[in-house]
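Dear colleague,

I am passing on a structure for you to look at, and my notes on it follow below. Please read them alongside the coordinates.

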Amino acid sequence: MKLKISSPEDFWSGVMFIAFGALAIYVSRDYPMGSAMRMGPGYFPTAIGLCLIALGAAVTATGFKLKGEGIGRWPWRSMVVLSVGFATYAWGIDNLGFIPSLAILIGLVSVASRDYRWKEVIVSMAVLIAGSWAVFIYALGLPYPLFWWSY
Amino acid sequence: MSEFQELFPNLYLGFSVALSLKNLMYCFIGVFAGTMIGVLPGIGPLATIAMLLPITFNLEPTSALIMLAGIYYGCQYGGSTTAILVKLPGESASVVTCLDGHEMARQGRAGPALAIAAIASFIAGTIGTILIAKAGPPLAEMALKFGAPEYFSLMVMGLIASAVLASASILKAIAMIFLGLLFGIIGTDVNSGMSRFAFGLPELTDGLSFTVVAMGLFGFAEILKNLEIGTDTSTRSLLTKKIEHLYPTKEDMKRSVMPIVRGTAIGSFFGALPGAGPTISAFSAYALEKKMTKRPDMFGKGMIEGVAGPESANNAAAQCAFIPTLALGIPGSATMALMLGALTIQGIAPGPQVMTQRPELFWGLIASMWIGNAMLVLLNLPLVGLWVRLLRVPYRLLFPAILTFMAIGVYSVNNSQMDVFMTILFGLMGYVFMKLKVEPAPLILAFVLGPLMEENLRRALLISRGDPSVFFTRPISAGFLIAAIVLLILMILPAVRKKRDQALEEGEVQTA
């Protein structure tokens, strides 16, 4: 009998759980185990790792039995744009100042939607920056420099 | 009468806290922001609370919790408004409200539908508040006698219940619990001082920030999903007719009384149970009303009972979910886990001692819930026009605003770049979870409970000298574990499973 993956989402989630479990056990090997009575820092994570592997194996097995819809396509564009936008903000807030970092963030992430329009993006950028300044800097008093020359 | 006297000074204290100008303001901001975001489709209560969490960190604990609670029931409320007006439930608990609520709106009776939803929610909320005030203290008193084994077993039961009721695949949900426990371990071990799973990053020795996990899994990931499916305004059947006759007729009121009573009872019961919640309550209430009526064929064609029952049920459940959360320190749902997370960040250890050590926080929150519910009735009906206009904002303008809020918020918690990077990581992970059809709710619950659970497990086994039978020889602990096992067995039985799957599917199809 030939096995065929009929539910990729179950198969791959099982693989994911096994991977996390294996990682947990691998990292915990450096931590003292102790005994059930006096548990060391390695005891609980190792136990969890074992359970994850067991459950993961069971889930993987259902991937051959159940009928799944499949995983579908990955929206690389939005995934990359959103991640880069966030990362740029994190860097920018320490180097460029509040307003430029927000402008970059908003400009970048807006592109994730396929029907963005530049005029709209500019307007919403202005509105959002003004609103964020009012809420976070003015009302909540967060101590971020607005521009790079204030550092 | 002694009970009343006992209750009265407590509620008096509560109202004196909640009615302070400052707390009234935060309550108002909470319900307003909550309703506003609840109205917007594609952003559920979880994402909303996660997104607004950082704002509350600068407040003192009582105000912070009052505002968060306001956001929470504001969301529930906003969800039903859009369910009625545009057949677009803002969150899963108001899915059934669509059926008859929107039908009423199409028949030109949007006003009475909205009004009944508001009245039903208010009555249910009031009863829910009384229940918390009544049931909370004795429950907390009982919990104070719990030892480590009881606590551990209670948490096991809570986690199992959340897995069993929340997700399509039990196996995957339980695996997610273990994954959540694993993420909870990251950081310094309190017993040995050893830093675990920090991967050499100094930022991780304090543990993963709760905000990061919540915002990544529920905010970032959800936006990715919405961008993919394309939340388009043109598909929304916007009701352009002006809303007249806001007030329900005498007959409407008469027909709604019993559904409200029944809905409240169902909601209170499910709400207090760990794992269940507003969604299941609303579905059950709708099913019950359909059974009770003499004209079941009329359901789905604009029956007011189909609005009153589910609306009171979901609000009662939302309210009563606070009972285990506040009295035991055990959250019953992911939303409640966020509440507890907020409490922890404020430096308050959740648990039964909160009620005695911080009475102003506990009773202030309860009083503010009632005030918040009253505000919602006053706020929602006159502002319907504003909410409808908000619905016309296209998603392409909406999501950059949400992301902006999230980015600023997550960085502001610790002023840490690493937190933002971790949010990206958890956001992408959350999206993978969605693709693999594993539900993240049990994970966040386990993440919050993880450290507590390990601590209690260690303590229990230390007392018993390493003998695991301690969990079964102590009666209360054994009771919790047996309940957990029964839940698991019930769900494996094919008949029960089928019914639950049906309810879940209906919910998913319509919110998507």
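A residue is called buried here if 20 or more other C-beta atoms lie within 10 Å of its own, exposed if 12 or fewer, and partly exposed in between, with C-beta atoms placed from the backbone. This is a predicted model, in which local features need pLDDT of at least 70 and side-chain atom pairs count only at pLDDT 80 or more, while totals for chains, interfaces and linings use all residues. Residues are numbered from 1 along each chain as its sequence is written, and chains are lettered from A and ligands numbered from 1 in the order in which they are written.

Two backbone angles deserve a look, given that most residues other than glycine have a negative phi. F197(B), which is not a glycine, has a positive phi near 55°; F197(B) sits in the loop between β2 (195-196) and α9 of chain B, and it counts as buried because it has 20 C-beta neighbours inside 10 Å. N415(B), also not a glycine, has a positive phi of about 45° and belongs to the loop between α18 and α19 (417-435) of chain B, but with 12 other C-beta atoms within 10 Å N415(B) is exposed. Helices (H or I, at least four residues) and strands (E, at least two) are DSSP runs, numbered from the N terminus.

Helix α9 of chain B (residues 210-229) contains M215(B), which is buried, with 31 C-beta neighbours inside 10 Å. Leaving aside residues up to four places away in sequence, M215(B) touches A50(B), M51(B), F220(B), M406(B), V410(B) and T423(B), where contact means C-beta atoms, placed from the backbone, within 7 Å. The C-alpha atom of M215(B) is 9.2 Å from that of I424(B), although 209 residues separate the two along the chain.

A50(B) and M51(B) are among the buried residues of α3(B), a helix in which 12 of 12 residues are buried. These buried residues pack against α2 (21-39), α4 (61-86), α9, α14 (334-345) and α18 (395-414) of chain B.

Finally, the axes of α11 (residues 278-292) and α12 (residues 305-320) of chain B come within 8 Å and cross at roughly 150°, the axes being lines fitted to C-alpha atoms, for helices over the stretch in contact, with angles from 0 to 180 degrees between N-to-C directions. α11(B) and α12(B) are therefore roughly antiparallel (under 35 degrees is roughly parallel, over 145 roughly antiparallel, 65 to 115 roughly perpendicular and the rest oblique).

Best regards

Conventions:
Contact = placed C-beta atoms within 7 Å.
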